Amino acid sequence: MVYVSQKQTASPSEDTDFSVLLDPSLIRSARLIYTTYYEVHPELIQNPLGVAIDRFTHRGKLIFAGKPVLLPQECFIPFSLIEADLY
């Protein structure tokens, strides 16, 4: 028998830049979700943490507080990626 040890690392969100793994169309969809919300609610002062978005349907919702609990087909797009080309 051969045993292989596995190195314990920090959680993936702490040591990996997932922005390179995200589909650019997901970022565009997240940006559209944010823009639409902002147009409907111009009094919005607080920036969201990001958007939880379905990878297949591109439907999503803004996340304003806490860590989002994602379904298996969802991913989280941080606001830093959404605002990158907004301004």
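Which residue in E2 does Ile53 stand opposite? I looked this up in a predicted model. Ile53 faces Gly60 across the strands.

**Hairpin.** I followed E1 (residues 50–54) and E2 (residues 60–63) next. The two strands run antiparallel and are joined by four bridges. Five residues lie between them, and I noted that His58 takes a positive phi near 65 degrees in this hairpin.

**Core.** I then turned to the largest nonpolar core, which has 15 residues. Val51 and Ile53 are among those with the most contacts inside it, as are Leu22, Tyr34, Cys75, Ile77 and Ile82. Helix H2 (24–40), E1, strand E3 (74–78) and helix H3 (79–82) each give two or more residues to this core. H2 gives the most, with five residues.

**Val51.** I listed its contacts, leaving aside neighbours within four places in sequence. Among them are Ala30 and Ile33, Gly60 and Leu62, Cys75 and Ile77, and Ile82.

**Rings.** I count three aromatic pairs. Tyr34 and Tyr38 are stacked, at 6.1 Å centre to centre with 20 degrees between the planes. They sit four residues apart in helix H2, so about one helical turn separates them. Is Tyr34 buried or exposed? Tyr34 has 5% relative accessibility, so it counts as buried. Tyr38 is partly exposed, at 39%.

Tyr37 and Phe64 form a tilted pair, 6.0 Å centre to centre and 50 degrees between the planes. Tyr37 lies in helix H2 and Phe64 in the loop between E2 and E3, so this pair ties together parts 27 residues apart in sequence. Tyr37 is partly exposed at 30% relative accessibility, and Phe64 is partly exposed at 24%.

Last, I noted one aromatic cluster formed by Tyr34, Tyr38 and Phe79.

Terms used: Residues are numbered from 1 along each chain as its sequence is written. This is a predicted model: local features need pLDDT of at least 70, side-chain atom pairs count only at pLDDT 80 or more; totals for chains, interfaces and linings use all residues. Side-chain values use heavy atoms; hydrogens and water are left out. Two strands pair if DSSP finds at least two bridges between them. A nonpolar core is a set of buried Ala, Val, Leu, Ile, Met, Phe, Trp, Tyr and Cys residues joined through side-chain atoms within 4.5 Å. Buried means under 20% relative accessible area, exposed over 50%, partly exposed in between (1.4 Å probe, protein chains only). Contact means heavy atoms within 4.5 Å. Rings of Phe, Tyr and Trp (its six-membered ring) pair if their centres lie within 6.5 Å; planes under 30 degrees apart count as stacked, over 60 as edge-to-face and the rest as tilted.
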